[in-house]
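Open the model in your viewer and follow the stops below in order. Each stop says what to select and what is found there.

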Amino acid sequence: MEKNVQISMLCQIYGKLLTDKQFELIDDYYNNDLSLSEIAENNEITRQAVRDIIKKGEKKLFEYEKELKVMEKMLNQEKKLKNIIQDLENLKKNLSFNNNKIDEIKIKLESLI
């Protein structure tokens, strides 16, 4: 998974555990696509200070994930659900009866993703 996407996801999961400033700067950098210079200007701090705050916040996010594994569990669950949906599609193709029930189950599973 691309680092930017990974950090963005970790920020959604663990962002409230960061300081307000770490969360704000990481959100601006990864989700709002602002440059370090733009963030520095907006916050009236140096570009280096922005980089340091973001790096410390990233480190914290990865530490939280290493200990709690929320994102890993979520991604594994999503993968399993997609496999079940695919199995249902395959089953539907091979059965000529009760396709409506399979469609209902598939819709319920897709809503969990």
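Predicted model: local features only at pLDDT ≥ 70, side-chain atom pairs only at ≥ 80, totals over all residues.

Is Asn 32 buried, partly exposed or exposed? Select Asn 32: its relative accessibility is 41%.

**Stop 1: around Asn 32**

Asn 32 sits in the loop between α2 and α3. Show the side chain of Asp 28 as well; a polar contact of 2.9 Å joins the side chains of Asn 32 and Asp 28. Then pick the C-alpha atoms of Asn 32 and Ile 45: these residues are 13 apart in sequence, and the C-alpha to C-alpha distance is 18 Å.

**Stop 2: Tyr 29**

Move to Tyr 29, which belongs to helix α2, residues 20–31. Tyr 29 has a relative accessible area of 31% and is therefore partly exposed. Display what surrounds this side chain: with neighbours within four places in sequence left aside, Tyr 29 is in contact with Leu 34, Leu 36, Ile 39 and Ile 54. For a distance check, take Tyr 29 and Arg 51, which lie 22 residues apart in sequence and 9.7 Å apart in space, C-alpha to C-alpha.

**Stop 3: α2 against α3**

Now select all of α2 together with helix α3, residues 36–43. The two axes come within 10 Å and cross at roughly 140 degrees. Over 145 degrees would count as roughly antiparallel, so α2 and α3 are oblique to each other. Their crossing is right-handed. On the α2 side, pick Lys 21, Glu 24, Leu 25, Asp 28 and Tyr 29; they meet Leu 36, Ile 39 and Asn 43 in α3. Coloured by class, this contact has four nonpolar, one polar and three charged residues.

**Stop 4: α1 against α4**

Finally, select helix α1, residues 3–14, and helix α4, residues 47–68. How are these helices oriented to each other? Their axes are 10 Å apart, and the packing angle is about 75 degrees. Angles of 65 to 115 degrees count as roughly perpendicular, so that is the term for α1 and α4. From α1, the contact takes in Lys 3, Gln 6, Ile 7, Leu 10, Cys 11 and Tyr 14. From α4, select Lys 55, Glu 58, Leu 61, Phe 62, Tyr 64, Glu 65 and Leu 68. By class, the contact of α1 with α4 divides into eight nonpolar, one polar and four charged residues.

Terms used. Residues numbered from 1 in each chain as written. Heavy atoms only, no water. Helix = DSSP H or I, 4+ residues; strand = E, 2+ residues; numbered from the N terminus. Buried < 20%, exposed > 50% of the residue type's maximum accessible area, 1.4 Å probe, protein only. Contact = heavy atoms within 4.5 Å. Axes fitted to C-alpha atoms, helices over the stretch in contact; angles between N-to-C directions. Parallel < 35°, antiparallel > 145°, perpendicular 65-115°, else oblique. Left-handed = near helix turned anticlockwise from the far one by under 90°. Nonpolar A, V, L, I, M, F, W, Y, C, P; charged D, E, K, R; others polar. Polar contact = N/O pair within 3.5 Å; in protein donor to acceptor, adjacent residues only side chain to side chain.
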